[in-house]
Amino acid sequence: NSDIRDNYRIKALLESFAIKEIIAREDAEDLHKIENAYKDLMHSYNSAKPMQNTELDIAFHNEIVRAGRMAALEKIWLILNMSQWTFVTNSSN
């Protein structure tokens, strides 16, 4: 579906932008939070709990956007409703 593909392309751009901002600030605390969210997600994938995987996947990506510390970026993320797209995509697999 082109809507899903387009939303994920935009998601990748927004997250890349957020990561660049986080790295430029050299914010160890934010990087640590992102790393912990990623570890939680990977642990969940290994335990094969689909609903938990989806929730932790959403939490991981939301943490990246939050750590970007830009209100406009967070607003765009919410407008695109990326959490809902993640849930829909993961539910259809």
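Let's start with L31, which is partly exposed at a relative accessible area of 38%; here buried means under 20% relative accessible area, exposed over 50%, and partly exposed in between, with a 1.4 Å probe and protein chains only. L31 sits in helix α2, residues 28–47. Together with I19 and I23, L31 makes a nonpolar patch on the surface, with about 240 Å² of accessible area between the three. Patches are built from residues with over 30% relative accessible area and no salt bridge, joining like charges within 9 Å and nonpolar side chains (Val, Leu, Ile, Met, Phe, Trp, Tyr) within 5 Å. A salt bridge, for the record, is a side-chain nitrogen of Lys or Arg within 4 Å of a carboxyl oxygen of Asp or Glu, and the areas come from the Shrake-Rupley method with a 1.4 Å probe, where for residues only the protein chains shown count as cover.

A word on the model: it is predicted, so local features need pLDDT of at least 70 and side-chain atom pairs count only at pLDDT 80 or more, while totals for chains, interfaces and linings use all residues. Residues are numbered from 1 along each chain as its sequence is written, and side-chain values use heavy atoms, leaving out hydrogens and water.

Zooming out, the protein has 5 helices and 0 strands, taking helices (H or I, at least four residues) and strands (E, at least two) as DSSP runs numbered from the N terminus. Of its 93 residues, 32% count as buried.

Now for the inside. The largest nonpolar core has 14 residues, and L14, I34, F60, I64 and L73 touch the most other members; such a core is a set of buried Ala, Val, Leu, Ile, Met, Phe, Trp, Tyr and Cys residues joined through side-chain atoms within 4.5 Å. Helices α1 (2–25), α2, α3 and α4 each put in at least two residues, with α3 giving the largest share, 5 residues. Leaving aside neighbours within four places in sequence, I34 is in contact (heavy atoms within 4.5 Å) with I19, I22, F60, E63, I64 and A67.

Helix α3 also holds H61, which counts as buried at 13% relative accessibility. Beyond four places in sequence, H61 contacts K11, E15 and W77.

Finally, M70 is in the loop between α3 (50–67) and α4 (71–80) and is partly exposed, at 29%. M70 touches F17 and E21, not counting residues up to four places away. Its C-alpha atom is 8.3 Å from that of A18, 52 residues apart along the chain.
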